[in-house]
Amino acid sequence: MLKVIFLPHKILIPSGGIFHADIGESILDIALKNNINIQHACEKSCACSTCHCIIEAGCKSLSKITEKENDVLDKVMQLEYNSRLSCQAKIINNIETIKVKIPLY
């Protein structure tokens, strides 16, 4: 199992949290199963940008970004180099601990 750290977010998870995840799970799946209610208006179909997150560490443990995801990310406010859609960022190995930041907007 891989360790996934959600950094503090003043509304969704004020104290932050450390959770464990299995290969194949998305960042959004991990958040939802741990009562972190990240918005996901398109129901995980990579059609909106409401589940935007920032991967502060652990990119090597996640699936590569697809062209479709990259196109959807173009709509994101506060886009960063390590931005991902949490519904599309899936765990592919347990090389690195993942640190996730959820934007405040």
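Me: How many salt bridges does a search of the whole structure find?
Reply: The search finds three salt bridges. The model is a predicted one.

Me: What makes Glu25 and Lys33 a salt bridge?
Reply: Their side chains meet at 2.9 Å, N to O. The cut-off for a Lys or Arg nitrogen and an Asp or Glu carboxyl oxygen is within 4 Å, so the pair counts.

Me: Are Glu25 and Lys33 called buried or partly exposed, and why?
Reply: Glu25 has a relative accessible area of 15%. Buried means under 20%, so Glu25 is buried. Lys33 stands at 44%. That value falls between 20% and 50%, so Lys33 is partly exposed.

Me: How do you know that Asp29 forms a salt bridge with Lys44?
Reply: Their closest N and O atoms are 2.7 Å apart. The limit is 4 Å, so this is a salt bridge.

Me: What does the pair of Asp29 and Lys44 tie together?
Reply: Asp29 lies in helix α1 (residues 27-33), and Lys44 in the loop between α1 and β3 (52-57). The pair therefore ties together parts that are 15 residues apart in sequence.

Me: Why is Asp29 called partly exposed?
Reply: Its relative accessibility is 26%. Buried needs under 20% and exposed over 50%, so Asp29 is partly exposed. Lys44, at 37%, counts as partly exposed too.

Me: What makes Arg84 and Glu69 a salt bridge?
Reply: The closest N and O atoms are 2.8 Å apart. That is within 4 Å, so the pair qualifies. Arg84 sits in strand β4 (residues 83-85) and Glu69 in helix α2 (residues 67-73), 15 residues apart. Both Arg84 and Glu69 are buried.

Me: Why are Phe6 and Phe19 called an aromatic pair, and why edge-to-face?
Reply: The ring centres are 5.9 Å apart. The limit is 6.5 Å, so the rings pair. The planes are 65° apart. Over 60 degrees counts as edge-to-face, so that is the label. The structure holds one aromatic pair.

Me: Where do Phe6 and Phe19 lie?
Reply: Phe6 is in strand β1 (residues 2-6) and Phe19 in strand β2 (residues 17-21), so the pair ties together parts that are 13 residues apart in sequence. Both residues are buried.

Me: How do β1 and β2 pair?
Reply: They pair in the antiparallel sense, over five bridges. In β2, Phe19 is the bridge partner of Val4.

Me: Which side chains of β2 are buried?
Reply: Gly17, Phe19 and Ala21 point to one face and are buried.

Me: How many disulfides does the search find?
Reply: It finds zero disulfides.

Me: Why do Cys48 and Cys87 form none?
Reply: The sulfur closest to that of Cys48 is in Cys42, at 3.6 Å. A disulfide needs sulfurs within 2.5 Å, so this is too far for a bond. For Cys87 the closest is in Cys51, at 3.7 Å, again too far. Cys48, at 15% relative accessibility, counts as buried. Cys87 is buried at 4%.

Me: Which residues touch the most other members of the largest nonpolar core?
Reply: Val4, Phe6, Ile27 and Ile98 do, in a core of 27 residues. Helix α1 gives the most to this core, with four residues.

Me: What is Ile27 in contact with, leaving aside neighbours within four places in sequence?
Reply: Its contacts include Val4, Phe6, Cys53, Ile55 and Ile98.

Technical notes: Residues numbered from 1 in each chain as written. Predicted model: local features only at pLDDT ≥ 70, side-chain atom pairs only at ≥ 80, totals over all residues. Heavy atoms only, no water. Phe/Tyr/Trp six-rings, centres within 6.5 Å; stacked < 30°, edge-to-face > 60°. Helix = DSSP H or I, 4+ residues; strand = E, 2+ residues; numbered from the N terminus. Buried < 20%, exposed > 50% of the residue type's maximum accessible area, 1.4 Å probe, protein only. Pairing = 2+ DSSP bridges. Core = buried A, V, L, I, M, F, W, Y, C linked by side-chain atoms within 4.5 Å. Contact = heavy atoms within 4.5 Å.
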